[in-house]
Amino acid sequence: MKKNIFLAALLAPGLVFAQSGKYALTVKLNTLATPAKAYLVKDYGWTNQQFLDSAVLNKGMYTFNGQIEEPAQVTVLIDHDGQAAQKWTKTADVIDCYLEKGRIAITGTNTIKNASVKGGPVNSDYKRYKQTVLLHMQQMSRSVDSLYRAAPELPKKNPGLMDSIMKRYQVVAKETDSLKYVFIRNNPASFISLVTLIDVAGKDVDVPRIKPIFKTLSPALQNSKSGKQFANILYDQGPLSIGAIAPDFTQQDVNDKPIKLSDFRGKYVLVDFWASWCGPCRAENPNLLKAYHKFKDNNFTVLGVSLDQPGKKAAWLTAIEKDGLPWTQVSDLQFWNNAAAKLYQVHSIPQNFLIDPKGRIVAKNLRGEVLEERLGEILGR
């Protein structure tokens, strides 16, 4: 019986997506006239983009080889003039694909943006996803964009007109999400479905809505690396779950004095991840101030952890003073590489963790009125 179960697991749809392996990506542009350079880029165009690899033309082809734990979306950039890799532009010669186990071949004429991608099941599914979801989304977005561009300059400043256009964008977003859910329902064993579900779930996951959809995915997807990480959020598991002991850390305060999280044992402490450059964080600070002054005499305090950038201590200190933040502030000034932020798996800010006097996590991401209400429940006011 165990042997049959093992064989069934091996043959289960989607299992390949959880397996690590080698990939071989080739790019062939048949009429490319200049010796352009090719790059593999993760999160292309975003502030956290990473250049993973580069290749020069060799025997009419660019070749990338490597090892992956699971499929990963990348952008292939062709730098025709030696400048494209320096900055993002709308006209850049790029194409998206997935690194997956096996061979991936991209073929075109003299540019890559209109080339074809052939690979394994993940790239095949991604092609269908682009045709059924992304293409429709782009068409709808372009129609709304054209309305905005056609509007005279003065009406653009009219709140009523802008409100109408924003409502149209919201309709586009809602229809796009509907298409995404249809794709997920029709492709429960596709790695693209897992990626899409994580995308539509967003930062503040609506667990009651998303968890049942996650359960419809194949067991192989749920047990993949990304699936398990997402499950930790849905089921609140792992080292940062409610009830877990908060990981300790030490960082320097504004006077370069080392401060430990464990120094606050015996108090309720809200560990608040923020930065001087973060608009939403600064907008949330008045809510934090209100809650702090209301509960500071009830064994409660705040510990601010700033993700400010290297060499930007002055900006950090100025923000603290301008926003009137009286609680302890720490930072290692390492931007997204802040050691405490990495320890707490912080990928966006603002984020916070409420820790009880024994060092246990009792709540997460409390903002606005919810912060004050939750503190009232916990602290008895």
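Biologist: How many helices and strands does the secondary structure of the protein chain come to?

Modeller: This is a predicted model, and the protein chain in it has 381 residues, of which buried residues make up 40%. Among contacts between residues at least 6 apart in sequence, 66% join residues at least 24 apart. The secondary structure of the chain comes to twelve helices and 15 strands.

Biologist: In the open sheet of four strands, which strands stand at the edges?

Modeller: The order in this open sheet is β4-β1-β7-β8, and the pairing is mixed. Because β4 (62–68) and β8 (116–118) each have a single partner strand, one side of each is left without a neighbour in the sheet. From one strand to the next the twist averages 15 degrees. The strands at the edges are therefore β4 and β8.

Biologist: Is Ser54 buried, partly exposed or exposed?

Modeller: Ser54 has its place in strand β3, which spans residues 50–56. Leaving aside neighbours within four places in sequence, Ser54 is in contact with Lys37, Ala38, Tyr39 and Phe64, and its C-alpha atom is separated by 7.7 Å from that of Phe64, ten residues apart along the chain. Since buried means under 20% relative accessible area and exposed over 50%, a relative accessible area of 33% makes Ser54 partly exposed.

Biologist: Which element gives the most to the lining of the second largest pocket?

Modeller: The second largest pocket has a volume of about 160 Å³, and its lining includes Ile95, Cys97, Lys113, Val117, Asn123 and Tyr126. The elements that give two or more residues to this lining are β6 (93–99), β8 and α2 (121–150). With four residues, the element that gives the most is α2.

Biologist: By class, how many nonpolar, polar and charged residues are in the lining of that second largest pocket?

Modeller: Asp96, Lys127 and Lys130 are among the lining residues, and Asp and Lys count as charged. Ser116 and Ala115 also belong to the lining. By class, the lining has five nonpolar, three polar and four charged residues.

Conventions. Residues are numbered from 1 along each chain as its sequence is written. This is a predicted model: local features need pLDDT of at least 70, side-chain atom pairs count only at pLDDT 80 or more; totals for chains, interfaces and linings use all residues. Side-chain values use heavy atoms; hydrogens and water are left out. Two strands pair if DSSP finds at least two bridges between them. Axes are lines fitted to C-alpha atoms, for helices over the stretch in contact, and angles run from 0 to 180 degrees between N-to-C directions. Buried means under 20% relative accessible area, exposed over 50%, partly exposed in between (1.4 Å probe, protein chains only). Contact means heavy atoms within 4.5 Å. On a 1 Å grid over the protein atoms alone, a cavity is a set of points where a 1.4 Å probe fits but cannot get out, and a pocket is an open set with protein on both sides within 12 Å along at least five of seven lines; lining residues have an atom within 4 Å of a point. Grid points are joined across faces, edges and corners, and a volume is the space filled by probe spheres set on the points.
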